[in-house]
Every structure is written in structure tokens, then in C-alpha cells.
Amino acid sequence: MISPYAFRPRGRLLDFMRQVGNPDLINLAAGLPSIECVPKAALEHAFAETLRVNADEALGYHTPDGDLRLREILVDRFQRRGIQASVEKMIITTGCTQALHGMIRLLARPGDVIACEAPAYYATLEILGDLGVRVLPIPVRDSEGTDLDLVRTLFRRFRPTLFVICSTLSNPSGSTLSNEARIELLRICQESGTRILEDEIYGELSEIPDLKPIRAFDDGSTVAYVTSFSKSVAPGLRIGVCLPGIDSDSFALLKCQQDMHSATLCEVAFRNYLERNELDQHLAFLRTFNRKRRELGIRVIHQCFPTSTRVWEPAGGFMLWVEIPAGIDIERVYQQAMEMKVAFCRGAVFFTSENEHVGAMRLNCSRPNEAALVQGLKILGQIMS
């Protein structure tokens, strides 16, 4: 039976981010979109316009909550997906990471029972482990997410303080909860007194029509919502968004103490980009691009990996969660792959227990170009064979 326990994180964000800058690697590990996916011309225009028209505003201090006009635009955008929010309860952050980690630090205390997916984003696990919480891992069953009957049983028994969940295209599994499952999960958490921290950084990359965030079914009293535009526009902008709900003032204070406010220049330039109404067209391009890359990756895996390899097929995004056959030493594969200049994420870093899914890997189908993607996957297949 699953029960809460303390753990030490098995991966460090610092190590993965330092790997990003290595130009010699075929990098299937980093959670970054392709450089082909960044709307560089549109952003060049937005930044030039900002420095020409809004320079005084963009190069000065401003409120910790973020650019007001940007928040107004995002409130309208979120309403299209069912989220009822206000500019007073929205805070612009330095990427989704600051929003996610800030809310965890605000809501979790050492010794608290905190639920999270298994597998879960390693940077989330890093923060939880360093905080000294007792983690309650909730197994991701398949591409449609967790077993809600199990969630109900565990939450009634252990009453976790918080459930941290990547509801759409979960990192690393790629699983996505249906709208019906989101509503039911919210009910379970309301019954157990558990707050939900919904990370939806991949939300707009989903190819499921009419999918709504969990926050769309709540007024902010149970669900805190975080996202960013790092996967959908450009990671270097570092534009994140936090809807802390009932903890808005506490989160704003925490952010102000950390960095006063996020980069004003990027916020104003991104506001100008959004005002050109080009994002939805760009997202349509991204969904097609990502789907083609995933399909290419899956074809090569089926051709070159061991026959009993299992690929979880997500409904969007650019990541693949791959389970390889028992008996293959994933650490040995990793070391040999690095010697051949191919990097991937070992599955173990996404779990809190040392004996969970050592035979899995997360693969990025977007970051390398098509030729490098095929070459990198073929090399992994050759090593495992």
C-alpha cells in the first residue's frame, strides 16, 4: 500500500540546465522547444517597437504583480479557456519555475504530506525533497492520467496538504486528464481539504479540443494555477503566470522579496507581441510541428529499439515517455550514449523511490533537428541492441 515518506531528490535542475548549452550533444534530454518553434521575426518587431515607443516604461521599475496591460490581456485569454480571474489576483513571474516553486514553498511545510504524480517533473521533486515534506506518490496509470479511485482512497486516508499535478501533457509521462476526470479530482480534493497546485505549462500545446484547466472548475479557493510561455513562444522570455487564488497577497510578497519584479522589458515586449493577435496562429503551427516530430520519433523507436519497448503516445507536445525492456541497464546505456554525444533523461530522476522505473527514459523530439533526432534515436537503439 502506498504511504507517505521522506525522500532525497535524485536529479538537480542545475545539472540539466548546464547540459543545455553543450553544442556538441544531440540533446534529447532538455525540455526545450526547437529553435524553429520560436517566432523570432514577430518578437524582433515587438522588442523594437517596445524600445521605440515604450522605452521609459520598459526600462524602469514597476509593480511586483507585473505589467498591468499584459495581465489584462492574459485575463481575457484565460477566460476563453474557462478560467475566471482578475488582474488583481494574477502575478507575472520569472518563468513557470518561479511560480511553481514559490507556491510550493508557500503552501508546504517540513513534515507535511504532499501528493505528486509518479513520475513527476524532477525540479518539482527537487523542491519537495529539499523542503523535507513527506511525499505521497500517485502513480500515473496511462496516457489519461491517474486512477481516481486510488486517489480518493489515498486522500481520504492521508489527507495531503497539497497535490502538485501537471494536468495537461504531464512532464514526463505526457498524460492528460479528461475534463470529467478534472472535475472529479477537484471534488476529491475539496472533500479531503487538499489544495491543488496545477502546473499547465504545456496546456496550449494540447491537441484535445475544448480541454479546460482544473482551475476553470474552481474559484481559486482550492486550485492555484501556474503556467508560462516558455514552451509555446520562447523560453528566454521567462514570462510565467501565477494565479495563487486565496494566497495572492502572500505570493506577491514572496516574489517581491525574491526579485522585486520580473524583467520589465520582456513583459512589455510580450504585451506588444500579444496585441498583434499572432499567438493562436503560432500555436496551430506548433501543434502540427510537434505532431510530425513525435510521429517521426515513434517510427524510429519502433524500428530501432528492442521489440518490447513501450512508447506512451501523448495528445500533443514534443516529449515521449519510453519504457524499455527489463534487463537493459539504463545507466550503462546512458554512459555509452554520452560517450557518443547523445543525451537523454533517465526515468529514475522523475521518481522519489529508488526502485521505480529504472528502465525508462524521456525523449525530446523537438529540440534537435530531424536528422539529429533520427541519428540520436538510432544510436540509442544500437546501444540497447
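Helices (H or I, at least four residues) and strands (E, at least two) are here DSSP runs, numbered from the N terminus. The structure is a predicted model, in which local features need pLDDT of at least 70 and side-chain atom pairs count only at pLDDT 80 or more, while totals for chains, interfaces and linings use all residues. Residues are numbered from 1 along each chain as its sequence is written, and side-chain values use heavy atoms, with hydrogens and water left out.

**Backbone geometry**

- Pro172 is placed in the loop between strand E6 (162-166) and helix H8 (179-192), and a cis peptide bond with omega of about 20° joins Asn171 to Pro172.
- Leu169 also lies in the loop between E6 and H8; its phi is near 50°, a positive value in a residue other than glycine.
- Leu169 is buried, at a relative accessible area of 5% (buried means under 20% relative accessible area, exposed over 50%, and partly exposed in between, with a 1.4 Å probe and protein chains only).
- Lys341, in the loop between helix H12 (330-339) and strand E12 (342-343), has a positive phi near 65° and is partly exposed at 44% relative accessibility.

**Salt bridges**

- The structure contains 24 salt bridges, a salt bridge being a side-chain nitrogen of Lys or Arg within 4 Å of a carboxyl oxygen of Asp or Glu.
- Lys255 and Asp259 pair at 3.0 Å, N to O; both lie in helix H9 (residues 248-259), 4 residues apart, about one turn of the helix.
- Lys255 is buried, with a relative accessible area of 1%, whereas Asp259 is partly exposed at 28%.
- Arg291 and Glu207 form a salt bridge at 3.6 Å, N to O, and this pair links distant parts of the chain, 84 residues apart: Arg291 is in helix H11 (residues 279-304) and Glu207 in the loop between strand E7 (195-199) and E8.
- Arg291 is partly exposed, at 31% relative accessible area, and Glu207 is partly exposed at 26%.
- A network of salt bridges links Arg77, Arg80, Glu204 and Asp280.

**Surroundings of His62**

- His62 is located in the loop between helix H3 (55-58) and H4.
- Apart from neighbours within four places in sequence, His62 contacts Asp67, His261, Ser262, Thr264 and Glu267, where contact means heavy atoms within 4.5 Å.
- The side chains of His62 and Glu267 make a polar contact at 3.4 Å (a pair of N or O atoms within 3.5 Å; within protein, one must be able to donate a hydrogen and the other to accept it, and residues adjacent in sequence count only if both atoms are side-chain atoms).

- The structure holds 4 cavities of 30 Å³ or more; on a 1 Å grid over the protein atoms alone, a cavity is a set of points where a 1.4 Å probe fits but cannot get out, and lining residues have an atom within 4 Å of a point.
- The largest cavity has a volume of about 120 Å³, volume being the space filled by probe spheres set on the grid points, which are joined across faces, edges and corners.
- Of the 14 residues that line the largest cavity, Arg81, Glu204, Tyr225, Thr227 and Phe229 are the closest to its centre.
- Helix H4 (68-79) and strand E8 (223-228) each supply at least two residues of this lining, and the largest share, 3 residues, comes from E8.

Note on methods. 1 Å grid on protein atoms, 1.4 Å probe; cavity = no way out; pocket = protein on both sides within 12 Å on 5 of 7 lines; lining within 4 Å.
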